[in-house]
Amino acid sequence: MEKLIHCHSGSLAAMIAKQNGNGTWDIFGITEVFGMGSADYNTKLFDFEISDLIILNSFSGISYVCLKKDQKWGLLEIKDNETIECDWKIISEFIYPTAEKMLSDFKINSFDFMS
């Protein structure tokens, strides 16, 4: 299973989340762009297992991904930088017991985003 992660209206996703054989997730960034909405995503961005994720995509220049690691949630922020790849950083360490609590503390309303 694959899920697209984007933060602008471009024809390519900035990242792809792929579920691996043991049921956890890996997130990959763009390795090579071929044009016309086609690219390879071979750059694994994190070296830890992601047991669950909630993608909050937007076309407004900023998106989020809630990442679950070792039973705790952290938050990845993706911002448009006028390139296909976008800028990204983890803005919350993995300390939250629920994604809802984390989003509430960051004042992020999941209804403002696409899943």
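Reply:
**The open sheet in its setting**

A compact globule of 115 residues would have a radius of gyration near 13 Å, and the protein agrees with this at 14 Å; the radius is taken over C-alpha atoms, and the globule rule is 2.2 Å times the number of residues to the power 0.38. This is a predicted model, in which local features need pLDDT of at least 70 and side-chain atom pairs count only at pLDDT 80 or more, while totals for chains, interfaces and linings use all residues. Residues are numbered from 1 along each chain as its sequence is written, and side-chain values use heavy atoms, with hydrogens and water left out.

Along the principal axes, the C-alpha atoms fill a box of roughly 40 × 35 × 20 Å. Along the sequence, their pattern is β-β-β-β-β-β-β-β-β-β-α. Of the 115 residues, 43% count as buried; buried means under 20% relative accessible area, exposed over 50%, and partly exposed in between, with a 1.4 Å probe and protein chains only.

The part in question is an open sheet of four strands in the order β7-β8-β9-β10, with antiparallel pairing. In general, strands of a sheet pair through backbone hydrogen bonds, either parallel or antiparallel. Here two strands are said to pair if DSSP finds at least two bridges between them. β7 (52-56) and β10 (87-96) are the edge strands, each pairing on one side only. On average, neighbouring strands of the sheet are turned by 15° against each other, direction ignored; the axes are lines fitted to C-alpha atoms, for helices over the stretch in contact, and angles run from 0 to 180 degrees between N-to-C directions.

The sheet can be followed pair by pair. β7 and β8 are joined over five antiparallel bridges, and Leu56 has Tyr64 of β8 as its bridge partner. The loop between these two strands holds Ser58, which is buried because its relative accessible area is 5%. The side chains of Ser58 and Ser60 make a polar contact of 3.2 Å, that is, a pair of N or O atoms within 3.5 Å; within protein, one must be able to donate a hydrogen and the other to accept it, and residues adjacent in sequence count only if both atoms are side-chain atoms. Leaving aside residues up to four places away in sequence, Ser58 touches His6, Cys7, His8, Ser63, Phe113 and Met114, contact meaning heavy atoms within 4.5 Å.

β8 and β9 pair in the antiparallel sense over eight bridges, including one in which Lys68 is partnered by Trp73 of β9. Their hairpin has two residues between the strands, and there Asp70 takes a positive phi near 50°, although Asp70 is not a glycine. Asp70 counts as exposed because its relative accessibility is 65%.

β9 is mostly covered, with six of its eight residues buried. β9 pairs with β10 over six antiparallel bridges, and the bridge partner of Glu77 in β10 is Lys89.
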